[in-house]
Amino acid sequence: MSCLSQLWTHSALLRFVHNTSETCNTNRSDYKIVVLGAGGVGKSSVTVQFVQGVYVESYDPTIEDSYRKQIEVDGRACDLEILDTAGVAQFTAMRELYIKSGKGFLLVYSVTDANSLKELLALREQVLRIKDSENVPMVLIGNKCDLEDDRVVSIDDGIAVSHEWGLVPFYETSAMYKTNVDEAFVDVVRQIMRKEAQTSLEKKQLKEMQKQQAAETKPSTAAEVPVASDTAQARNRQQEPLNGKDTKSGSKCCVIV
Ligand SMILES: Nc1nc2c(ncn2[C@@H]2O[C@H](COP(=O)(O)OP(=O)(O)O)[C@@H](O)[C@H]2O)c(=O)[nH]1
Ligand SMILES: [Mg+2]
């Protein structure tokens, strides 16, 4: 990698890692999306097609760049920040940093390269480990689906991996023809939205529970103290929503061409 492209890569990464929603328009939500996958699968082509609406025939494989795009999803304005990774070194400190910063992930393989699908298994494991969660907004992408004659990975192979991963949404895309490109990005944005809504609901419930517990433990007059069975019932009632909650983010779908 040349010094210039190394410098470019680092500034893109730093921009991605350090930009926070506080630096953006507060009416908008900030979505950091990371595009991961082996070299040559079409990460840059898919990203540039989504952001700029053009197909780039050849793109410097060593350049890691970040892009901003504003879109509206379900009536909500979203500021997307997309990091197109170069996949040079698999386990670098930088990789760890941007996976930590990313809220959603596009895991891309090429339908013309079976190894590129295998490589995604380790990448996904790494994402789950770094995020310390099984519930990470993510889509699986089989790119270059226009190259039917060179295909070595079938749609069924992609679906099988999606099932193995707990029904992670799966799209076969063509960056060349813009097939399913927007759909894949919008899907990951929706997953981020659902996850954030779930998190803020849980925070609200926890706050209310703490408020109620504080009110309960406050010294009170004898007349206000509930009988023992009432207290236990009240405590059970408060704990119910959290105990019974589903921590997974909404329904998942599997979409293919
Ligand atoms: N036919 C076809 N070629 C593609 C597609 N996407 C990318 N390519 C080509 O595959 C090569 C690698 O693409 P690139 O985006 O640089 O891959 P990256 O290393 O993953 O970023 C380039 O020559 C692209 O033109 C696609 O959907 N269809
Ligand atoms: Mg690239």
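Predicted model: local features only at pLDDT ≥ 70, side-chain atom pairs only at ≥ 80, totals over all residues.
**Entry 1: the site of ligand 1**

I found ligand 1 in the largest pocket.

**Entry 2: make-up of the shell**

**Entry 3: polar contacts of ligand 1**

I checked the distances from ligand 1 to polar protein atoms. In the side chain of Ser44, an N or O atom lies 2.9 Å from an oxygen atom of the ligand. For Asn143, I noted 3.1 Å between an N or O atom of the side chain and a nitrogen atom of ligand 1. Met176 takes part through its backbone: a polar atom there is 3.3 Å from an oxygen atom of ligand 1. I next looked up the cover of the ligand; on its own, ligand 1 has 580 Å² of accessible area, and the protein covers 87% of this.

**Entry 4: Glu81**

I turned to Glu81 and located this residue in strand β3, residues 76–84. Is Glu81 buried or exposed? I recorded Glu81 as buried, because its relative accessibility is 1% and the cut-off for buried is under 20%. I also looked for a side-chain partner of Glu81 and found Arg68, with a polar contact of 3.1 Å joining the two side chains.

Technical notes. Residues numbered from 1 in each chain as written. Chains lettered and ligands numbered in written order. Heavy atoms only, no water. Polar contact = N/O pair within 3.5 Å; in protein donor to acceptor, adjacent residues only side chain to side chain. Areas by Shrake-Rupley, 256 points an atom, 1.4 Å probe, with all protein chains shown as cover. 1 Å grid on protein atoms, 1.4 Å probe; cavity = no way out; pocket = protein on both sides within 12 Å on 5 of 7 lines; lining within 4 Å. Sits in = over half its atoms within 2 Å of the grid points. Helix = DSSP H or I, 4+ residues; strand = E, 2+ residues; numbered from the N terminus. Buried < 20%, exposed > 50% of the residue type's maximum accessible area, 1.4 Å probe, protein only.
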